[in-house]
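Here is a short walk through the structure shown below. Start where the chains meet, then move to a single residue.

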Amino acid sequence: MSGEEEENAAELKIGDEFLKAKCLMNCEVSLILEHKYEQLQQTSDDPTNSVSQVFEKSLQYVKRFSRYKNPDAVRQVREILARYQLAEFELCVLGNLCPETVEEAIAMVPSIKTRGRAQDDEAIEKMLNDLSLIKKFE
Amino acid sequence: MQLHPRYFGRNLRDNLVSKLMKDVEGTCSGRHGFVVAVTGIENIGKGLIRDGTGFVTFPVKYQCVVFRPFKGEILEAVVTMVNKMGFFAEAGPVQIFVSNHLIPDDMEFQSGDMPNYTTSDGSVKIQKDSEVRLKIIGTRVDATEIFCIGTIKDDFLGVINDPTTV
């Protein structure tokens, strides 16, 4: 709890645990939760009673805010973003918000510019273009 | 995980797993946020019998999906309520409040059947069920939920215009 005062996602200060953990984009969580819900439907008569409200709200949320619905597209998005030396957290925010311009991307994830990993504007633009291509052909 | 002896027997592992899920899914903590779903059991250790009760405690290592909002994070949410103090939005299990001080000055509150915030030219409107992109500027965790304060006053924040739904 002592790290709370310094917490700041814009500078990627999110605590060691989360920096090392695997981050999931909304579309990935959607696949996981839907799969789990289907499993529950098979094993119990009334699945709506056996999931918590947190689960239901989360499922609704990620379904509504998934930019990519197709599992292959989701996989491709992760592959593309993985090429750019991003932290898991940054990768997921970009995958979730799908910024259209470099300026927007830097506003959404300021840490991609400040961490000194030589993320120049061209690289960011290429990444965004690749992402929007997947969307077009989904 | 503590288990009563009535659960011992062939289905011990299954009972342990379903009790784990019931107890842990839906809870939240300041450290990890909300536990949304248990996705796998890594390891169940040897059970230790508690003195005097007969309950057995098993250490269980498991994997799960958690939802943890961070200060400074930008995310999308659905507006659930609008009033003259600001609006409430939800991002999954997390509630976020955006005060009218952190709504752009050119948006004004309009009361009525569907209270909303609208720009002077009527081009942008925030009302119940609108989707907005906001930045979290503070979080508070209590026993059962996480509550955040957000802003839409920065660049690229505010109502999401999704061209596919137009």
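Buried area is the accessible area (1.4 Å probe) that two parts lose on being put together, summed over both. By that definition, chain B and chain A bury about 2,900 Å² between them. Carbon and sulfur atoms carry 60% of it. In chain B, Phe70(B), Glu76(B) and Phe156(B) lose the most area to chain A, together 21% of what that side buries.

This is a predicted model: local features need pLDDT of at least 70, side-chain atom pairs count only at pLDDT 80 or more, and totals for chains, interfaces and linings use all residues. Residues are numbered from 1 along each chain as its sequence is written, chains are lettered from A in the order in which they are written, and side-chain values use heavy atoms, with hydrogens and water left out.

Now count the partners. Contact means heavy atoms within 4.5 Å. On that rule, 38 residues of chain B touch 33 residues of chain A.

The rule finds eight salt bridges across the interface, each a side-chain nitrogen of Lys or Arg within 4 Å of a carboxyl oxygen of Asp or Glu. One of them joins Arg64(A) to Glu131(B), with the closest N and O atoms 2.6 Å apart.
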